[in-house]
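Dear colleague,

Please find below the structure we discussed handing over. My notes on it follow directly after.

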Amino acid sequence: MFIDSHCHLNFTELRTQLPEILQAMQQAQVERALCICTTLEEFDSVHQLAVSHDRLWATVGVHPDNEGVREPSVDELIELSQRPRVVGIGETGLDYYRLGERSLGDMEWQRERFRRHIRAARQTDLPLVIHTRSASDDTLAILREEGGFGPQGAGDLPQSRGVFHCFTESVAVARAALELGFYISFSGILTFKNATDLHEVARFVPLDRCLIETDSPYLAPVPYRGKTNTPAYVPHVAQKLAELKGLPLEQVAAATRANTLALFQGMAAS
């Protein structure tokens, strides 16, 4: 059985087809999926999916690339995270891909937003869902500055944990993330023929630190590349990961399922 550790079923492309999507998940042996929040404005719709369907769970957070939306406070993130079936904080992180004419100094609002998510995760003992694009150095630096990661944690709060989702960075970044105690999640990009650098990362990351995801409705894996993605396609990511590691699909499915439930502990209930 497979788990999709990151999807957006509340997005228009998917929410209008939810019965069909849930049926396709069942047929593909995808037993659970984690619905990721990207703005506070959409949180209620994401949360409603989780409380209405016993195979779905939710997170709360504001995506780093979303501008002109309600900014989260630490207290608000903590309050919303206490609702039933909310099992993580994010997605959060840094995204410098669309800087345009702005400098890195102009992105302080992103860095401050990221820090608030980290602090909420530490205070709630919930995992972080990290998005990083063209910003890995700052992402790692802020995680280290905020503390609580790695073998010891920091202070009186629990050791922090989380996942770098839809990973597309280098082996060096993966190594640094692993050293901080993070999991690495692979999406349909892993199945793309030209993703040779990512294939190297997938071979490098230990199986007990790997997750799989769709990030649907985006990034559909081969053979569905270019089409609307759904959680039912996550077995194709697992198959490619198994191929790259030279392991049976069943072993990869079991390991990534166990890893997801170990990280997002609330999903293990039921």
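Which residues are buried in helix α3 (residues 43-52)? In this predicted model, they are F43, V46, H47, L49 and A50. These residues lie on the same side of α3, because the arc they cover around the axis is only 150°. The elements covering them include α2 (18-27), β2 (30-35), β3 (56-60), α4 (74-81) and β4 (86-95).

β4 also takes part in a pairing with strand β5 (residues 128-133): the two are parallel and share 5 bridges. Within β5, T132 stands opposite L94. Together with helix α5 (residues 108-124), β4 and β5 form a β-α-β unit that is right-handed. On β5, a further parallel pairing involves strand β6 (residues 162-164), with 3 bridges between them; here V129 has V163 of β6 as its bridge partner. Of the 6 residues of β5, 5 are buried, so that the strand is mostly covered.

The loop between α5 and β5 contains P127. P127 has a relative accessible area of 0% and is therefore buried. Beyond its neighbours within four places in sequence, P127 is in contact with V87, G88 and I89, with R161 and G162, and with L263 and F264. By contrast, the C-alpha atoms of P127 and L9 are 20 Å apart in space, and these two residues are separated by 118 residues in sequence.

With kind regards

Key: Residues numbered from 1 in each chain as written. Predicted model: local features only at pLDDT ≥ 70, side-chain atom pairs only at ≥ 80, totals over all residues. Heavy atoms only, no water. Buried < 20%, exposed > 50% of the residue type's maximum accessible area, 1.4 Å probe, protein only. Helix = DSSP H or I, 4+ residues; strand = E, 2+ residues; numbered from the N terminus. Arc of directions from axis to C-beta. Contact = heavy atoms within 4.5 Å. Pairing = 2+ DSSP bridges. Right-handed = clockwise from strand over helix to strand, strands pointing away.
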